[in-house]
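Here are my comments for your reading of the coordinates, arranged as numbered points. Please keep the structure open beside them.

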Amino acid sequence: MFAYIVRRVLATIPVMAIVALFVFSLLYIAPGDPAAVIAGDQATPADVERIRASLGLDRPFLVRFGEWVFRILRGDLGVSIFTNLPVTRMIAQRIEPTLSLMVVTLFLAISIAVPMGVVAAWKAGSWIDRAVMAFAVLGFSVPVFVVGYLLAYYFALELDWFPVQGYTPFAEGLGPWLSNLVLPSVALGGVYIALIARITRATMLEVLQQDYIRTARAKGAGQGTMLFVHALKNAAVPIVTVIGIGVALLIGGAVVTESVFAIPGLGRLTVDAILRRDYPVIQGVILLFSFVYVLVNLLIDLSYTLFDPRIRY
Amino acid sequence: MERRSFLKLAAGAGGATALGGGLAAPALAQGAGARTLRFVPQANLANFDPIWGTQYVVRNAAMLVWDTLYGFDSKLQPQRQMVESEEVSADGLTWTFKLRSGLKFHDGEPVLAKDAVASMARWAVRDPMGQMIRAIQNELVAVDDRTFRWSLKQPYPKMLLALAKNNSPCSFVMPERIAKTDPFQQITEYVGSGPFRFVKDEWVPGAKASFAKFDGYVPREEAADWMAGGKRVMVDKVEWVIMPDPATASSALQNGEVDWWENPIADLVPLLKRNRNVNVDIADPLGNVGSFRMNHLHAPFNDPRARRAVMMALSQEDYMRALVGDNPELWKSMPSFFTPGTPLYTEVGGDILKGKRDYEGAKKLLKEAGYDGQPITILVAQDQPITKAFGDVSADLLKRIGMNVDFVATDWGTVGSRRAMKNPPGQGGWHIFHTWHAGADCINPAAYTAIRANGDGAWFGWPKSEAIEAARDAWFAAPDMTAEKAAIDKLNKEAMDFGLYAPTGFFLSYQAWRKNVSGVVKAPIPFFWGVTKS
């Protein structure tokens, strides 16, 4: 197991290297010029050129890439072209809101979607099953920002239960922290709930046909024990896999959700950086997201051993 | 569902809530002190060096932290601000300025003449008027702690205007150690002598910037009037809350989570106006001038006839209605390059933009100019509502006059870099892009980069016309208002005849604030002095 973990962690290095090269090359060939943005609309072409030179953006690709890689190897993601702040500091400023949003969304989604999927499979063909599937279709179909605006309309403005926007750090108390996260998490969680509910239902339907379930029934196992202990555990591997894959979905959705609810997280940082062509920030954030994604997949792989004793690394 | 309808639905909640009387403040607002003013600016404060980065949002924030030697009042006249007195020699070659006593920087150090000298030296490298002064400068030196002298090789009658203007970059005064930073490098310390201190620790670019009242600030005795007069601060702190989504900003304002929104989009204004707790009014009376910019380097727009063909068919009303809707309060036609309602506004030479649009005449003129149906590359930034609206109207206009449109839908960042390319349009260059100029920049030629026609040194599109440049020079040399007006009449006519660019109209925008906030003024910049919150 330990050797497997070490191998997997080492395997992230070439993955990250490929991501780094890809991101850097993509940004290099992409149109856009941070110097023009900095100089402002009234600047002359000569001014823009001087700013570009002062930022080192006129140097050859290999020189810039080499410098960037050298810095990354020392744990330095560089300095934002615009704010003059270290990228690591900017990420540190923004990571808590995004992490909070993702954790609450994950918690919310799993606690709603898994029971929904299980019940839908148990009552397959009934109105409950159809209602769950209709909800899943709705969750997939309605964009996050539409759900976000509607939630803000009813629960923030009409009922005044939650704030319209913003983020309160966890250090300022669980209540304020949660009150800012409930609506964004529900908005972001819609697609995720739909995805997990559908895969849970599909997997459970298959498991519920197995002989050992019939045996459990014959032995007099209660409905709850049969569904959530015997069946769900055997259906867990694909569900957990989808939860892991869905983290990428969450990262993408966080970009929109953070804009709609004015949450100062990594999603908004990424969008702002892309629109301004703040290369060091874009590169830093994408590297971070890639690393998180690789890490989540590793954790998912390791979690298989908990659900299926036949899996050994 | 159309974007406008959806935004109204999305933001409509606040209006409904207010009308229904459901006005309880949410948790976030309840914790806010009444002495903190929460403001939603037009854009993110991504950097904070007003000389290095000349975006308007940086200039606006800088206005809180750094003071200026002079400042424009609401009559567009330069008034003393940090300066106590000035003296100009009889030959107009030497200007001597004396600073007010008691001025202090936020770090407690006194403001000295050497700070002003270093600051003006840095500013003059980046500012168009500063560059003109620098080109004729003999020396810029501190005479004593409060006095500095600027001696020139030839008179520069517009000196005070240069030091007072609100166009970016403004002549902000920084401590000498900071002002000695290369003008093309960003400063790292944000110490000024303005009425607010920048709270760097609370700065989260893209989310928040905070400015605390500077107790050591010494306001002038006169009443505040835009950048001039006594800048008396009535709140303890101003927080800028960055909200990229207009519907969210609208809801937050209606719900009392923020106090003042700099630029509500026109679609949401009716909702805000219906809310009994919100005031809505014109933000900047000097407004904005829309621009249809053509590339003078490449056919067909290297021929003035082709440029004039576009102008004779261009309907400013179409552009303005596409942008601000049907509200006539928000726009005006302007057969001129200068800001309507300002002292130098003129329509001399502007007949081509007046009256019925002549599509057939335009087609004929295009033919005479040799247009043969080649694709016309038009860069349209889709992420800016103004340029997107203008782009759609232009595509229709060009098709109506028989042009083959190559519509490049892109983002503002890409337009910013591609418009600098001089290559032929088929090889990465361009024919047309749209932008807009702050009306404050277009009141005269001082900071009006887009009116230059000095070829390679001109703004994007690189127009070249000695007649235009001569008329512009005449304005700089004009000794009085009569001479200035004559020069501007000539400049407007030459630029119209030449087809320098096509103005797409004059448009205004709104600002909105909670009714418990008072002292908000109409101005090109949101001024925070004199603003109170109960």
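This is a predicted model: local features need pLDDT of at least 70, side-chain atom pairs count only at pLDDT 80 or more; totals for chains, interfaces and linings use all residues.

The points below go from the contact between the chains to the helices, sheets and domains.

1. The contact between the chains. On the side of chain A, 47 residues are in contact with 48 residues of chain B. The helices α2 (34-39), α3 (45-54), α5 (87-122), α7 (144-158), α8 (174-207), α10 (223-260) and α11 (266-276) of chain A each supply at least two residues of the side that touches chain B, and the largest share of that side, six residues, comes from α7(A). Sorted by class, the residues of the side of chain A that touches chain B comprise 26 nonpolar, 12 polar and nine charged.

2. B:T248 is found in helix α8 (residues 246-254) of chain B. Is B:T248 buried or exposed? With 25 C-beta neighbours inside 10 Å, B:T248 counts as buried. Leaving aside residues up to four places away in sequence, B:T248 touches A:V164, A:Q165, A:V260, A:F261 and A:A262 from chain A, together with B:M243 from chain B.

3. A helix pair in chain A. Helix α12 (residues 279-307) of chain A packs with α10(A) at an angle of about 175 degrees, their axes being 10 Å apart; the two helices are therefore roughly antiparallel to each other. From α10(A) the contact draws on residues including A:K233, A:A236, A:V240, A:G244 and A:I251, while α12(A) contributes, among them, A:F289, A:Y293, A:I300 and A:F307. The contact of α10(A) with α12(A) has 12 nonpolar, four polar and one charged residues.

4. The open sheet of seven strands in chain B. The strand order is β8-β9-β10-β1-β11-β19-β12 (chain B), and the pairing is mixed. The edge strands are β8 (196-198) and β12 (278-282) of chain B, each of which pairs on one side only.

5. The open sheet of four strands in chain B. Here the order is β4-β5-β7-β6 (chain B), with antiparallel pairing. Because β4 (83-88) and β6 (137-142) of chain B stand at the edges with a single partner strand each, one side of each is left without a neighbour in the sheet. Neighbouring strands of this sheet are turned by 10 degrees against each other on average, direction ignored. Strand β5 (residues 94-99) and strand β7 (residues 147-152) of chain B run antiparallel and are joined by five bridges, with B:F148 in β7(B) as the bridge partner of B:F97. Helix α4 (residues 113-126) of chain B lies across β5, β6 and β7 of chain B and runs at about 145 degrees to β6(B).

6. A buried strand in chain B. Seven of the seven residues of strand β17 (residues 432-438) of chain B are buried, so the strand is largely enclosed by the rest of the structure. In a regular strand the side chains alternate between the two faces of the sheet. Both faces of β17(B) are covered, with B:I432, B:H434, B:W436 and B:A438 buried on one side and B:F433, B:T435 and B:H437 buried on the other. Which strands pair with β17(B)? Strand β13 (residues 288-294) of chain B runs antiparallel to β17(B) and is joined to it by seven bridges, among them the one between B:N288 and B:A438. Strand β15 (residues 375-381) of chain B pairs with β17(B) in the parallel sense over two bridges, and the bridge partner of B:I378 in β17(B) is B:I432.

7. The domains of chain B. The domain assignment gives domain 1 (50-189) and domain 2 (288-507) of chain B, whose C-alpha centres lie 32 Å apart. Their contact takes 11 residues from domain 1 of chain B and 10 residues from domain 2 of chain B. On the side of domain 1 that touches domain 2, α5 (128-135) and α6 (159-164) of chain B each supply at least two residues, and by class this side has seven nonpolar, two polar and two charged residues.

How values were computed. Residues are numbered from 1 along each chain as its sequence is written. Chains are lettered from A and ligands numbered from 1 in the order in which they are written. A residue is buried if 20 or more other C-beta atoms lie within 10 Å of its own, exposed if 12 or fewer, and partly exposed in between; C-beta atoms are placed from the backbone. Two strands pair if DSSP finds at least two bridges between them. Two residues are in contact if their C-beta atoms, placed from the backbone, lie within 7 Å. Ala, Val, Leu, Ile, Met, Phe, Trp, Tyr, Cys and Pro count as nonpolar, Asp, Glu, Lys and Arg as charged, and the others, Gly among them, as polar. Domain bounds come from an automatic or database domain assignment. Axes are lines fitted to C-alpha atoms, for helices over the stretch in contact, and angles run from 0 to 180 degrees between N-to-C directions. Angles under 35 degrees count as roughly parallel, over 145 as roughly antiparallel, 65 to 115 as roughly perpendicular and the rest as oblique.
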